[in-house]
Amino acid sequence: MGLQNTIFNAFNKSIVFGLVGITVTDRYAGVCPIRGSSMSPTFNPSSSSSSSFTDDYVFLEKFCLDKYKFSHGDVVIFSDPTNYKGRCVKRIVAMEGDYVSNVNGATKVPEGHCWVEGDNSGFSSDSRTYGPIPLGLIEGRVTHVIWPPERIKKVDRRIPPQERLAF
Amino acid sequence: MSFLLGKWSAIAKESINRAAIVAKFLCLLHVTNTYIFSPTLVYGPSMLPTLNLTGDVVLSEYISHRLGKVGPGDVVLIQSPENPRKMITKRIVAMEGEAVSFLVNPSRSDRSRTVVVPKGHVWIQGDNIYASNDSRNFGPIPYGLIQGRVCCRVWPIDGFGSL
């Protein structure tokens with residue numbers, strides 16, 4: 001009887017913990033690993049090896065999803081527009097209504113979209129390949145690097161160089 | 001004095017317990033509403049023969065799009081690509097890699113165009129092609145914008161049934 005009770009209690013607690021955990025990570029904040037070198041000076045600066053030990057972990061805040069208010073230079077995580085199971089992390093370069101210059105002249109970013117690019121432009125597949133992405137794909141804003149411990153820092157909002165934006 | 005303190009701590013404990021129950025309930029609600037199913041009010045002219053203009057309550061489920069099981073013909077809830085705060089209800093016409101031909105402006109001319117849906121995208125259209133803002137205007141949308149699949153109508157009660 002006592003053993004059954006303990007098992008039942010543990011089961012109950014773990015379900016409650018799971019529910020609360022899912023809610024918090026969905027609505028407020030979460031932690032996410034970063035793979036690949038497309039954001040190289042900011043995340044994974046020395047990613048010659050692709051082992052998961054050297055991955056950076058970042059802290060995501062999701063309060064920005066209430067109103068979908070983002071600004072230039074925010075680092076965001078969004079679901080990959082070419083493959084819904086994957087996720088990408090990139091920096092917002094231009095918001096709706098801005099003009100971005102690229103290989104085929106200047107493009108106007110349409111309503112409800114944003115233009116994202118990686119910091120390491122040589123190794124990044126971003127809006128230069130698939131065009132502007134809808135804001136609805138964005139899943140959170142990266143605020144801090146929390147792992148590895150020697151590089152714990154705030155991810156600052158870096159305004160891209162002005163010549164990329166054509167006004 | 002100690003009697004008063006004990007009373008206050010009992011009240012505090014009681015209120016914390018109550019608040020925890022409410023918080024757990026809200027978490028349960030959030031999880032069912034985002035991962036299993038929820039009722040949704042849909043209105044507008046774009047799905048007219050299927051869904052009414054004045055507003056229907058439909059039951060939508062949030063499992064099959066995560067497993068990649070939605071296909072052409074399904075009515076889905078989508079986060080509008082033009083305004084991320086808005087949800088729209090449309091029918092999937094074609095999945096990635098399929099060719100779709102559509103009338104560019106059905107009320108004025110018979111001119112049609114054919115496009116191939118790119119990788120990771122879907123082509124959505126309203127059932128009422130004369131009054132619908134859909135992929136014919138903003139192009140194919142990424143699969144990741146799909147939020148759920150509408151499975152049956154709940155209200156009005158005489159229209160109860162699957163769509």
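In which sense do strand β1 (residues 37–42) of chain B and strand β2 (residues 56–61) of chain B pair, and over how many bridges? I am working from a predicted model, and in it I find that these two strands pair in the antiparallel sense over six bridges.

I then followed β2(B) to another partner, strand β9 (residues 146–155) of chain B, which runs antiparallel to β2(B) and is joined to it by five bridges. Here I noted that Val57(B) stands opposite Trp155(B) in β9(B).

Next I turned to the annotation in chain A. The unreviewed UniProt entry places the feature "active site" at Ser38(A) and Lys90(A). The two positions are spread over 53 residues of sequence, yet they cluster in space, with a largest C-alpha distance of 7.9 Å. I located Ser38(A) in the loop between β1 (29–34) and β2 (56–61) of chain A, whereas Lys90(A) lies in strand β4 (residues 87–94) of that chain.

Are these two residues buried or exposed? Ser38(A) has 12% relative accessibility and therefore counts as buried, the cut-off being under 20%. Lys90(A), at 5% relative accessibility, counts as buried for that reason too.

Ser38(A) is in contact with several residues, including Val89(A), Gly118(A), Asp119(A), Asn120(A) and Phe123(A). Lys90(A) touches, among others, Met39(A), Asp74(A), Phe78(A), Glu117(A) and Asp126(A). The side chains of Ser38(A) and Lys90(A) are themselves joined by a polar contact of 3.2 Å.

My last entry concerns the interface, where I asked how much area chain B and chain A bury between them. The value is about 1800 Å², with 66% of it on carbon and sulfur atoms. In chain B, the residues that lose the most area to chain A are Cys27(B), His30(B) and Pro84(B), together 25% of what that side buries. The contact takes 23 residues from chain B and 22 residues from chain A. Across this interface I recorded zero salt bridges, but eight residue pairs in polar contact. Helix α1 (residues 2–36) of chain B gives the most to the side of chain B that touches chain A, with seven residues.

Key. Residues are numbered from 1 along each chain as its sequence is written. Chains are lettered from A and ligands numbered from 1 in the order in which they are written. This is a predicted model: local features need pLDDT of at least 70, side-chain atom pairs count only at pLDDT 80 or more; totals for chains, interfaces and linings use all residues. Side-chain values use heavy atoms; hydrogens and water are left out. UniProt positions are given in the numbering used here, feature names are shortened, and annotations may be inferred rather than shown by experiment. Helices (H or I, at least four residues) and strands (E, at least two) are DSSP runs, numbered from the N terminus. Buried means under 20% relative accessible area, exposed over 50%, partly exposed in between (1.4 Å probe, protein chains only). Contact means heavy atoms within 4.5 Å. A polar contact is a pair of N or O atoms within 3.5 Å; within protein, one must be able to donate a hydrogen and the other to accept it, and residues adjacent in sequence count only if both atoms are side-chain atoms. Two strands pair if DSSP finds at least two bridges between them. Buried area is the accessible area (1.4 Å probe) that two parts lose on being put together, summed over both. A salt bridge is a side-chain nitrogen of Lys or Arg within 4 Å of a carboxyl oxygen of Asp or Glu. Lists of a residue's contacts leave out its neighbours within four places in sequence.
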